[in-house]
Number of protein chains: 2
Amino acid sequence: MRAVDWIDGHIRYLDQTLLPHEERFVDTDDVRVVEDAIRGLGIRGAPAIGVAAAFGVVLAVKAKNADHSLSVRRRVEEAIKSIGSTRPTAVNLFNALHRMKMIAERNPHASEARLLQLLEAEAKAIQEDDIRACDRIGELGASLLGHGVSLLTHCNAGALATAGSGTALSVITAAARQGKVVRVFVDETRPLLQGSRLTAWELQKAGIPVVLITDSTAASVLRDGKVEAVIVGADRIAANGDAANKVGTYPLAVLASRHNVPFYVAAPTSTLDREAPNGSAIPIEERDAKEITHFAGVRVAPEGIGVYAPAFDVTPNELITAIVTEKDILRQPFAAAIARTLKVS
Amino acid sequence: MRAVDWIDGHIRYLDQTLLPHEERFVDTDDVRVVEDAIRGLGIRGAPAIGVAAAFGVVLAVKAKNADHSLSVRRRVEEAIKSIGSTRPTAVNLFNALHRMKMIAERNPHASEARLLQLLEAEAKAIQEDDIRACDRIGELGASLLGHGVSLLTHCNAGALATAGSGTALSVITAAARQGKVVRVFVDETRPLLQGSRLTAWELQKAGIPVVLITDSTAASVLRDGKVEAVIVGADRIAANGDAANKVGTYPLAVLASRHNVPFYVAAPTSTLDREAPNGSAIPIEERDAKEITHFAGVRVAPEGIGVYAPAFDVTPNELITAIVTEKDILRQPFAAAIARTLKVS
């Protein structure tokens with residue numbers, strides 16, 4: 001199962017808003033459909049958004065209704081501007097768009113056909129890099145876990161969130177293949193229930209026992225010693241290791257620290273942001289109030305009240321035991337480890 | 001508005017499962033209807049459960065279909081056994097039933113009619129004690145708050161949870177009447193959304209600005225210094241001050257402590273349990289898995305997964321700044337303060 005893929009010159013994605021009830025793949029060569037899917041969480045997860053964005057640039061540039069009086073380079077710039085405005089937090093989106101922009105800038109004299117070839121090749125390279133990164137993250141992360149462990153995860157950092165086998169869930173499924181994993185406690189992850197709908201679904205497909213809990217039950221699970229480690233993904237990791245991830249990750253890290261449970265963040269190097277010195281430099285998206293006041297179209301809160309709906313929170317690096325990337329397992333001091341990793345990559 | 005009341009020899013309660021969409025009062029003289037309402041959260045909140053239980057005993061004893069070959073005392077005992085099995089955590093239930101039992105035991109020679117009178121009077125006394133306690137908790141608690149404060153609460157500890165004006169919400173509405181309260185952040189409180197459905201509704205009716213958040217957003221709200229205090233109710237407070245309350249209270253207390261925000265528990269002395277030396281002696285109810293796997297009747301998680309659904313968690317006393325009862329504001333060391341309070345009452 002690939003959450004986002006490139007098939008014969010168009011994008012195919014699994015519409016995640018319909019899971020777990022329906023597995024519907026959407027085929028499109030319209031970049032606006034892709035942008036709407038990113039905004040509406042049909043395509044979600046930082047690495048998957050990055051891959052979809054790269055292929056989206058290709059679709060935009062070659063679209064029949066594109067303004068062909070503009071140079072390819074200008075069309076790439078326009079597409080990047082538009083796709084880059086869909087969601088603000090996942091840095092993979094901007095890193096992927098930056099790679100696409102570099103292709104256009106470094107080949108100013110290429111023909112339109114040649115440049116399109118190069119752009120498509122770069123998007124495929126971004127996809128393949130992510131697939132490889134996921135597998136390597138799984139291998140490296142699994143080495144951190146002992147035998148007979150129970151784990152806890154939040155939101156969805158699985159195959160659905162990447163082009164490949166996932167980040168946090170790649171670690172879990174790799175460890176499960178080694179017979180190490182007893183069960184996984186899954187936070188339901190309000191408001192959009194990525195835990196109940198997506199992670200429970202993925203783990204069940206992988207044959208790994210799931211125990212679904214509400215987000216705030218995680219505190220009791222950690223206090224009662226029911227899990228040996230917490231593993232989550234990330235949407236952006238600052239240069240000092242502060243990590244933005246789905247809202248609810250920060251309290252999980254605080255509780256894990258209080259109860260001496262290791263707290264691991266699994267993410268490809270494309271999630272590292274060398275420009276953000278620390279977490280306070282990471283833009284945090286606010287979502288529509290309706291995601292909290294309504295459920296499945298039904299209003300659950302009275303009308304006329306205020307709502308505060310940040311999609312992410314920032315976990316300070318001192319609460320993170322290790323960051324598992326495809327290059328290495330990074331540990332404190334993270335600033336040095338991240339600088340080293342970015343120099344190598 | 002009274003969540004539970006005694007009208008002309010029968011119970012009238014507001015069916016809280018229908019809020020905020022519909023305000024439907026149910027009139028019943030059938031104790032089984034009352035028991036089902038407690039089990040199904042039509043009547044909820046520790047003090048309200050206690051009051052409903054006391055009146056429930058009266059209904060059971062005088063029911064036309066009761067076994068009138070049994071003595072009133074035996075009928076009281078049978079009723080207590082049945083009503084006492086509805087929910088395990090709120091100690092107010094057992095404290096109220098104990099008061100009813102004492103009436104029967106202390107009047108072995110009273111006529112049936114006289115004993116029924118005494119039982120009804122005791123149930124009314126339990127109700128009136130709660131009404132007075134709520135008001136006094138409001139006054140005392142409001143004295144803890146400064147002017148221009150923003151507050152955070154979890155679940156519903158309002159008029160809906162008591163016979164009177166609430167516990168935590170009595171503090172908030174009393175402080176609001178003094179012009180002290182700017183806004184109240186309300187945790188939606190998964191899985192049954194008592195925050196979105198009940199607390200937001202009550203505060204809005206009281207004209208207090210509400211900001212609804214998901215439970216795990218509270219961590220960001222506390223870290224960002226958006227609130228000056230957290231106030232919650234309790235379902236049972238052990239002799240050392242450990243407090244059981246709706247699941248999600250414990251992580252809130254941990255985060256409040258981390259960010260130096262005072263954490264107040266407001267509860268009548270009927271919520272104190274002298275028999276439980278500490279939190280580990282408090283039975284924690286587990287609820288039906290469907291409360292998490294389904295939302296508004298719609299399945300949101302795949303079938304066949306495990307679920308862990310405790311309704312409550314325990315906050316250790318060292319994370320509690322003060323416990324506001326109708327007698328006094330209790331502070332560390334709580335064991336001594338609670339013993340003193342129980343001796344006086």
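Axes here are lines fitted to C-alpha atoms, for helices over the stretch in contact, and angles run from 0 to 180 degrees between N-to-C directions. Helices (H or I, at least four residues) and strands (E, at least two) are DSSP runs, numbered from the N terminus.

This is a predicted model, in which local features need pLDDT of at least 70 and side-chain atom pairs count only at pLDDT 80 or more, while totals for chains, interfaces and linings use all residues. Residues are numbered from 1 along each chain as its sequence is written, chains are lettered from A and ligands numbered from 1 in the order in which they are written, and side-chain values use heavy atoms, with hydrogens and water left out.

**Stop 1: helices of chain A**

Select residues 91–106 of chain A, helix α4, and residues 112–142 of chain A, helix α5. They pack at an angle of about 150 degrees, and their axes are 9 Å apart. Therefore α4(A) is roughly antiparallel to α5(A) (angles under 35 degrees count as roughly parallel, over 145 as roughly antiparallel, 65 to 115 as roughly perpendicular and the rest as oblique). The crossing of α4(A) and α5(A) is right-handed.

Now show the side chains where α4(A) and α5(A) make contact (heavy atoms within 4.5 Å). On α4(A), pick Ala96(A), Arg99(A), Met100(A), Ile103(A) and Ala104(A). On α5(A), the contact residues include Leu115(A), Leu118(A), Glu122(A), Ile126(A) and Asp129(A). The contact of α4(A) with α5(A) has ten nonpolar, no polar and three charged residues. Ala, Val, Leu, Ile, Met, Phe, Trp, Tyr, Cys and Pro count as nonpolar, Asp, Glu, Lys and Arg as charged, and the others, Gly among them, as polar.

From α2(A), residues including Ile49(A), Gly50(A), Ala53(A) and Val57(A) meet α4(A). On α4(A), Asn92(A), Leu93(A), Ala96(A), Leu97(A) and Met100(A) meet α2(A). The contact of α2(A) with α4(A) counts eleven nonpolar, two polar and no charged residues.

**Stop 2: contacts across the chains**

Go to Thr214(B), in the loop between β6 (210–213) and α8 (218–223) of chain B. Thr214(B) counts as buried because its relative accessibility is 1%. Buried means under 20% relative accessible area, exposed over 50%, partly exposed in between (1.4 Å probe, protein chains only). The side chain of Thr214(B) makes a polar contact with that of Thr217(B), at 2.6 Å. A polar contact is a pair of N or O atoms within 3.5 Å; within protein, one must be able to donate a hydrogen and the other to accept it, and residues adjacent in sequence count only if both atoms are side-chain atoms.

Which residues is Thr214(B) in contact with, leaving aside its neighbours within four places in sequence? Select Arg190(A), Pro191(A), Ile292(A), Asp187(B) and Glu188(B).

Next, pick Ser220(A) in helix α8 (residues 218–223) of chain A. Ser220(A) is buried, at 3% relative accessible area. Beyond neighbours within four places in sequence, Ser220(A) is in contact with Val247(B) and Asp313(B).

**Stop 3**

Find Val171(B) in helix α6 (residues 168–177) of chain B. Val171(B) is buried, with a relative accessible area of 2%. Glu139(B) is 32 residues from Val171(B) in sequence, but 6.7 Å away in space, C-alpha to C-alpha.

Move to Val261(B), in the loop between α9 (249–258) and β10 (263–266) of chain B. Its relative accessibility is 10%, so Val261(B) counts as buried. Val261(B) and Val227(B) are 34 residues apart in sequence and 7.6 Å apart in space, C-alpha to C-alpha.

**Stop 4: backbone details**

Most residues other than glycine have a negative phi, and most peptide bonds are trans. Select Leu193(A), which is not a glycine but has a positive phi of about 60 degrees. Leu193(A) is buried, at 1% relative accessibility. Then select Asn260(A), not a glycine either, with a positive phi of about 55 degrees. Is Asn260(A) buried or exposed? Asn260(A) is exposed, with a relative accessible area of 70%.

Finish with the cis peptide bonds. One joins Gln332(A) and Pro333(A), with omega about -5 degrees. Another joins Leu19(B) and Pro20(B), with omega about 0 degrees.

Notes:
A crossing is left-handed if the near helix is turned anticlockwise from the far one by less than a right angle, and right-handed if clockwise.
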